[in-house]
Amino acid sequence: MITHNLGVVARYADRVFVMYAGKVIESASAAELYANPRHPYTLGLLKSVPRLDEIRKEKLDPIEGMPPDLIRLGAGCPFYPRCKFHVDRCKEENPPLITVAEAHQSACWEWERVARATKGDQEAA
Ligand code: SF4
């Protein structure tokens with residue numbers, strides 16, 4: 001199933017592949033992905049949709065910017081222009097899928113910072 005509806009994903013998928021600019025940028029079980037996103041794009045997607053299963057505590061947080069022109073992709077990470085976590089390396093080197101936990105991969109050099117940010121959100125909730 002291919003969808004932009006994260007509610008449908010949560011309800012029906014066992015395993016999720018998040019794609020950006022035509023490539024898989026994160027892969028995990030649905031439960032793991034929703035609890036522990038390890039790519040800034042996935043984190044952004046999760047923060048930008050309303051949740052019906054919990055009381056809203058903060059404003060939705062849209063992902064700024066536009067998707068890249070697929071004909072003019074550079075050498076770096078395609079999410080770089082929109083990414084709040086980017087570092088210099090991201091502009092030059094497109095990360096491969098990195099195993100960040102059992103059966104969980106993320107194509108992000110800064111996945112550990114994303115993990116810390118996610119943990120901070122969960123502790124603040
Ligand atoms: S590799 Fe860099 S630019 Fe790409 S998602 Fe990770 S932090 Fe952001």
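Predicted model: local features only at pLDDT ≥ 70, side-chain atom pairs only at ≥ 80, totals over all residues.
β1 covers residues 15-20, and β2 covers residues 23-29. Two facing pairs show how the strands line up. R15 stands opposite S29 in β2. M19 stands opposite V24 in β2.

The two strands form a hairpin with 2 residues between them. A21 lies in the loop that links β1 to β2. Its backbone stands out: phi of A21 is near 55°, a positive value in a residue other than glycine. Is A21 buried, partly exposed or exposed? A21 has 15 other C-beta atoms within 10 Å, so A21 is partly exposed.

## Two faces of β1

Look at the side chains along β1. In a regular strand, side chains alternate between the two faces of the sheet. β1 has a covered face made of V16, V18 and Y20. The uncovered face holds R15, F17 and M19.

β3 is residues 98-101, and β4 is residues 104-106. I98 has S106 in β4 as its bridge partner.

β3 and β4 form a hairpin too, with 2 residues between them. A103 sits in the loop between β3 and β4. Phi of A103 is near 60°, again a positive value in a residue other than glycine.

Now put the strands together. They make an open sheet of 4 strands, in the order β1-β2-β4-β3, with antiparallel pairing. Which strands lie at the edges? β1 and β3 do, and each pairs on one side only. Neighbouring strands of this sheet are turned by 30° against each other on average, direction ignored.

## The overall fold

The protein has 5 helices and 4 strands. Along the sequence, the pattern reads α-β-β-α-α-α-β-β-α. Of its 125 residues, 22% count as buried.

Take the contacts between residues at least 6 apart in sequence: 40% of them join residues at least 24 apart.

## The nonpolar core

The largest nonpolar core has 16 residues. Within this core, I25, Y41 and F79 have the most contacts. Four elements each supply at least two residues: β1, β2, α3 (40-47) and α5 (111-124). Which element gives the most? β1 does, with 3 residues.

I25 is then in contact with V18, M19, Y20, H39, Y41 and A107. Y41, another contact of I25, is itself among the core residues with the most contacts.

## Around the ligand

Which residues come nearest to the ligand? Of the 13 residues around the ligand, they are C77, C83, C90, C108 and E110. The shell is sorted by class as follows: 10 nonpolar, 2 polar and 1 charged residues.

E32 lies in helix α2, which spans residues 30-35. E32 has 18 C-beta neighbours inside 10 Å, so E32 counts as partly exposed. E32 and D14 are 18 residues apart in sequence. In space, C-alpha to C-alpha, E32 and D14 are 9.9 Å apart.

P81 lies in the loop between α3 and α4 (88-92). P81 has 16 C-beta neighbours inside 10 Å, so P81 counts as partly exposed. P81 and K91 are 10 residues apart in sequence, and 8.7 Å apart in space, C-alpha to C-alpha.

How values were computed:
Residues numbered from 1 in each chain as written. Core = buried A, V, L, I, M, F, W, Y, C linked by C-beta atoms within 7 Å. Buried ≥ 20, exposed ≤ 12 C-beta atoms within 10 Å, placed from the backbone. Contact = placed C-beta atoms within 7 Å. Near = placed C-beta within 6 Å. Nonpolar A, V, L, I, M, F, W, Y, C, P; charged D, E, K, R; others polar. Pairing = 2+ DSSP bridges. Axes fitted to C-alpha atoms, helices over the stretch in contact; angles between N-to-C directions. Lists of a residue's contacts leave out its neighbours within four places in sequence.
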